[in-house]
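These are my notebook entries on one protein chain. I set down what I looked up, step by step.

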Amino acid sequence: MRRVFFAVDGEREIWRNDPEPGYWALVHVNEDGAAAKLVQRILSGTSEEAIEFQVCGGEFRRMHTHARESGKPLEALKRSGYEGKLQGTWALAKDMKCCGVVVLVDTDRSKPRSRWQELSSVRECAQRAGHEMARWTALGEATRCFEAWVLGSAESIHEALGGPPCSLPPSLESQQDPKALLEQYLSQEGRQRLPASQMYAEICARARVKEMATRCPVSFAPFVEEVIERLGPSFGLDSSAA
C-alpha cells in the first residue's frame with residue numbers, strides 16, 4: 001500500500017487517539033487521523049474507488065529536529081524557518097518511502113494565505129532545483145485553524161456523533177475562534193463522547209468536500225486543488241480534475 005507523509009500544526013489533525021501530554025514523536029504508520037481521512041475523501045471524490053494509504057508524519061514545527069535526530073547529514077538541515085522544516089519533512093518522507101507529502105498549517109494570527117505563500121515559494125525553489133519530493137507535496141493553510149474546516153462539514157458532525165444538527169454562522173473563515181465554536185457543537189446533548197482526536201477523525205471520514213470548499217473558499221478550496229494535483233497522479237487520478 002502507498003504511504004503519505006503528513007506534517008501538521010496540531011495533534012488533533014494527525015492522531016487517531018489523543019497522545020500523552022507532551023508526546024510528539026514521529027508517527028510511523030497507520031495513524032489514520034483527521035487530516036488523513038480528509039485527504040482520502042478528497043482523492044476518493046475523483047475516483048470510482050475509495051482511495052487508501054498508510055500514514056506517517058508528525059508535527060511540522062519539529063520536522064527540522066526530527067530529521068536531525070534521525071542522523072540526517074544534510075547541509076540543507078542547517079537552514080532555519082520554513083526551508084529547514086520542509087527540507088526535514090522531505091528527507092524523512094523519502095526515507096519512509098512515501099509517494100507524497102501533505103503539509104497543513106493554521107493561519108493563527110497571520111494574514112490569510114501568507115504562510116501558504118511562504119511555503120509555496122520554498123517548494124517552487126526546490127522544484128526548480130530538481131528536488132524529488134517537492135513536486136509531490138500538497139500545501140494547505142486553514143484560515144484561523146483546522147477546526148474551521150471541520151465546521152465546514154457540519155452535517156458530518158451529526159452523522160458521525162449523533163445529536164442535533166449544527167446551525168452554522170454565515171462565514172466560517174471570518175470567525176475569530178472556530179475551535180471554541182466546534183467544541184460548543186461537540187459538547188451538545190446527544191453527541192457521542194469520544195477523545196477529541198477521534199471525534200475529528202470520525203467527522204472527517206464523512207466529510208462533504210464540496211460543501212466544505214463552498215463554505216471555506218479562501219483556504220479549503222485551494223487545498224482540494226493542491227491534493228488532487230500533487231497526490232492524485234500517485235493514485236492513478238487525473239490531476240486536471242482539480
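This is a predicted model: local features need pLDDT of at least 70, side-chain atom pairs count only at pLDDT 80 or more; totals for chains, interfaces and linings use all residues.

**Entry 1: Phe 6 and its surroundings**

I began with Phe 6. Not counting residues up to four places away in sequence, Phe 6 touches Ile 14, Ala 35, Ala 36, Val 39, Phe 53, Val 55, Cys 56, Gly 57, Gly 58 and Val 102. I then looked up the largest nonpolar core, which has 49 residues. Phe 6, Phe 53, Trp 149 and Phe 220 are the residues with the most contacts inside this core. Helix 2 gives the most to this core, with 7 residues. A second, separate core has 22 residues, including Cys 56, Leu 86, Trp 116 and Ala 126. I recall a general point here: in soluble globular proteins, nonpolar side chains tend to be buried together.

**Entry 2: The chain as a whole**

I next looked up totals. The protein chain has 11 helices and 4 strands. Of its 242 residues, 54% are buried. The accessible surface of the chain comes to about 11100 Å², and carbon and sulfur atoms hold 45% of that surface. Among contacts in the chain with a separation of 6 or more, 73% join residues 24 or more positions apart.

In what order do the strands of the open sheet stand? I found the order 2-1-3-4 for its 4 strands, with parallel pairing. Strand 2 (54-59) and strand 4 (137-142) are at the edges and have a single partner strand each, so one side of each lacks a neighbour in the sheet. On average, neighbouring strands of this sheet are turned by 20 degrees against each other, direction ignored. As a general rule, strands of a sheet pair through backbone hydrogen bonds, either parallel or antiparallel.

I then went through the pairs.

- Strand 1 and strand 2 pair in the parallel sense over 6 bridges, and Phe 6 has Gly 57 as its bridge partner in strand 2.
- Strand 1 (residues 3-8) pairs with strand 3 in the parallel sense over 5 bridges.
- Ala 7 has Val 103 as its bridge partner in strand 3, and Val 8 stands opposite Leu 104 in strand 3.
- Strand 3 and strand 4 pair in the parallel sense over 6 bridges, with Leu 104 opposite Gly 140 in strand 4.

Helix 2 (residues 34-44) lies across strand 1, strand 2 and strand 3. Helix 2 runs at about 125 degrees to strand 1.

**Entry 3: How covered the strands are**

Why is strand 2 largely enclosed by the rest of the structure? I found that 5 of the 6 residues of strand 2 are buried, so the strand is largely enclosed. Strand 3 is mostly covered, with 7 of its 7 residues buried. In a regular strand the side chains alternate between the two faces of the sheet.

**Entry 4: Thr 107**

I followed the chain past strand 3. Thr 107 is in the loop between strand 3 (100-106) and helix 5 (114-128). Is Thr 107 buried or exposed? The relative accessibility of Thr 107 is 2%, and buried means under 20%, so Thr 107 counts as buried. The side chains of Thr 107 and Glu 141 are joined by a polar contact of 2.5 Å. Not counting residues up to four places away in sequence, Thr 107 touches Pro 112, Arg 115, Glu 141, Ala 142, Thr 143 and Arg 144.

**Entry 5: Ser 234**

My last entry concerns Ser 234, which is found in the segment after helix 11 (220-231). At 14% relative accessibility, Ser 234 also falls under the 20% limit and therefore counts as buried. Which residues does Ser 234 touch, not counting residues up to four places away in sequence? They are Arg 2 and Cys 99. Ser 234 and Arg 2 are 232 residues apart in sequence, and their C-alpha atoms are 8.5 Å apart in space. The side chain of Ser 234 reaches the backbone oxygen of Cys 99 at 3.5 Å.

Terms used: Residues are numbered from 1 along each chain as its sequence is written. Side-chain values use heavy atoms; hydrogens and water are left out. Helices (H or I, at least four residues) and strands (E, at least two) are DSSP runs, numbered from the N terminus. Buried means under 20% relative accessible area, exposed over 50%, partly exposed in between (1.4 Å probe, protein chains only). A polar contact is a pair of N or O atoms within 3.5 Å; within protein, one must be able to donate a hydrogen and the other to accept it, and residues adjacent in sequence count only if both atoms are side-chain atoms. Contact means heavy atoms within 4.5 Å. Accessible areas come from the Shrake-Rupley method with a 1.4 Å probe; for residues, only the protein chains shown count as cover. Two strands pair if DSSP finds at least two bridges between them. Axes are lines fitted to C-alpha atoms, for helices over the stretch in contact, and angles run from 0 to 180 degrees between N-to-C directions. A nonpolar core is a set of buried Ala, Val, Leu, Ile, Met, Phe, Trp, Tyr and Cys residues joined through side-chain atoms within 4.5 Å.
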